[in-house]
Amino acid sequence: MRILLIEDETPLRVAVTDALTDEGYRVIAAVDGRDGFEKAIAEKPDLIVLDIMLPKMDGYELCRELRRLGHRMPVLMLTARGLVEDRVHGLDAGADDYLIKPFSLAELKARIRALRRRSQDEAGQPERAAFGDVQVDLTRRTVTRRGREVALTVKEYGVLALLIQYAGQAVSREQFLDLVWGHAAFPTTRTVDNHVGRLRTKLEPNPAAPRYILTLPKSGYRLVLDGTQSKA
């Protein structure tokens, strides 16, 4: 597994590189945001460990630009900024998880293992999915309805992609929190309900009586794709 480490603090960059190399990972290091962005495009790493406060291009901008270009590799953000709004900003920029400095190398390795498992689970997703007048291209991360692109936030898309991955099956609120928000955020199950509500508003013919994104009492939610049985 190839990991791109983008960190401008030399002692931390060396320590993390050594620790991950000892675990058997191949580490590609970058010392600023522009260098990291160019290496992410050229090298296409399996995972990125990304500092926020970087010269030339900060981590938020770097992550947003990668996602805009369709790059889906997991991103673990590192930062000394521990405020909730900073974590939310990072996750909304497209990061998959968030680790606050100072951190232990053991926790960093555990977070990387968790992201790797999640990425392997997502690899089984189909390239495209459809329900009603909605078309989803999971390779390009685009959603269209009646031929027009639908703007989704990073988390709304994450909820939809997880529903597609488990189409026809129940997805619990806890699964959404674990796989879409990750351990670095502190959302509640109500956060999931709010995002599902916004998805219904954007994608359902009648959001008040959904036909495709169904609520399962005490279980969570289930997506009915075209050709999937709709009975709960």
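**Close-up 1. Strands β7 and β8 pair side by side in the antiparallel sense.** In this predicted model, four bridges link β7 (residues 134–137) to β8 (residues 142–145). Two strands count as paired if DSSP finds at least two bridges between them; strands (E, at least two residues) and helices (H or I, at least four residues) are DSSP runs, numbered from the N terminus. Look for D137, which stands opposite T142 in β8. The two strands form a hairpin with four residues between them, and R141 in that turn has a positive phi of about 60°.

**Close-up 2. Strands β6 and β7 form a hairpin with two residues between the strands.** Here too the strands run antiparallel, joined by four bridges. F131 stands opposite V134 in β7, while G132 takes a positive phi near 60°.

**Close-up 3. Four strands make an open sheet in the order β6-β7-β8-β9.** The pairing is antiparallel. At the edges you will find β6 (128–131) and β9 (148–149), each pairing on one side only.

**Reading notes.** Residues are numbered from 1 along each chain as its sequence is written, and side-chain values use heavy atoms, leaving out hydrogens and water. Local features need pLDDT of at least 70, side-chain atom pairs count only at pLDDT 80 or more, and totals for chains, interfaces and linings use all residues.
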